[in-house]
Amino acid sequence: MFRVAFASNDRNTVNQHFGAATGFAIYALDGERAQLVEVVEFLPESMHGNENKLPARIAMLAGCAAVYCLAAGASAVKQLLAAGVQPIRLDDETEIAGLLQQISLAVRNGGIPWVDKAIRQTHGDRDRFDRMAEEGWDG
């Protein structure tokens, strides 16, 4: 299973900018099921005039493979990628349930690069040793 966060103020829709999000809904997925495992909410006073809010937000997403949001600034994108979290920017508000279905389908069938990468990182590259054996790797 791997974790995915969604910038949301209602836990149903991706509807917020990463840096201004009032909360994140975090799901664990394995291709067969998706389960809400955590809801992160930010106090209103932590939102205004706090230039150092990005590190705290990114720390809250530790262990997530990706975060879906409507927008993210260049600094946030850079910090997310450095933390191993793939930012996914959506053009419009989108229902989380539909996104979870797309991600689950990609877990089963591949086709979304960040999902493929997350699976490799979570489960390791199981075929690596088979490929090495076929190439005549002896140790």
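Visitor: In which helix is the place of Ser 104?
Guide: Ser 104 falls within residues 96–109. You are looking at a predicted model, where local features need pLDDT of at least 70 and side-chain atom pairs count only at pLDDT 80 or more, while totals for chains, interfaces and linings use all residues. Residues are numbered from 1 along each chain as its sequence is written, and side-chain values use heavy atoms, leaving out hydrogens and water. Helices (H or I, at least four residues) and strands (E, at least two) are DSSP runs numbered from the N terminus, and the one holding Ser 104 is helix H3.

Visitor: Is Ser 104 buried or exposed?
Guide: Buried means under 20% relative accessible area, exposed over 50%, and partly exposed in between (1.4 Å probe, protein chains only). Ser 104 has a relative accessible area of 9%, so this residue counts as buried.

Visitor: Which residues is Ser 104 in contact with, leaving aside its neighbours within four places in sequence?
Guide: A contact here means heavy atoms within 4.5 Å. With those sequence neighbours set aside, the partners of Ser 104 are Leu 29 and Gly 31.

Visitor: What share of the residues in the protein chain is buried?
Guide: The chain exposes about 8200 Å², and carbon and sulfur atoms supply 49% of that area (Shrake-Rupley method, 1.4 Å probe). Of its 139 residues, the buried share is 36%.

Visitor: Which strand pairs with E5 over four bridges in the parallel sense and spans residues 2–7?
Guide: Two strands pair if DSSP finds at least two bridges between them. E5 covers residues 64–69, and six of its six residues are buried. Phe 6 stands opposite Tyr 68 in E5. The strand of residues 2–7 that pairs with E5 is E1.

Visitor: What is the handedness of the β-α-β crossover from E5 to E6?
Guide: E5 and strand E6 (residues 86–89) run parallel, joined by four bridges, and Ala 66 stands opposite Gln 86 in E6. The chain gets from E5 to E6 through helix H2 (residues 74–82). A crossover is right-handed if, with the strands pointing away from the viewer, the path from the first strand over the helix to the second runs clockwise. This crossover is right-handed.

Visitor: Why is the pair of Phe 6 and Tyr 68 called stacked?
Guide: The structure holds six aromatic pairs. Rings of Phe, Tyr and Trp (its six-membered ring) pair if their centres lie within 6.5 Å; planes under 30 degrees apart count as stacked, over 60 as edge-to-face and the rest as tilted. The ring centres of Phe 6 and Tyr 68 are 5.3 Å apart, and the pair is stacked because the planes are at 20 degrees.

Visitor: Which residues form one aromatic cluster?
Guide: Phe 6 is buried at a relative accessible area of 0%, and Tyr 68 is buried at 5%. The cluster is made up of Phe 2, Phe 6, Tyr 27, Tyr 68 and Trp 114.

Visitor: How far apart are the N and O atoms in the salt bridge of Glu 41 and Arg 11?
Guide: A salt bridge is a side-chain nitrogen of Lys or Arg within 4 Å of a carboxyl oxygen of Asp or Glu, and the whole structure has four of them. Glu 41 is exposed at a relative accessible area of 55%, while Arg 11 is partly exposed at 41%. Their side chains meet with an N to O distance of 3.2 Å.

Visitor: Which residue forms a salt bridge with Arg 33?
Guide: Arg 33 is partly exposed, with a relative accessible area of 49%. The closest N and O atoms of the bridge are 2.8 Å apart. The partner of Arg 33 is Asp 30.
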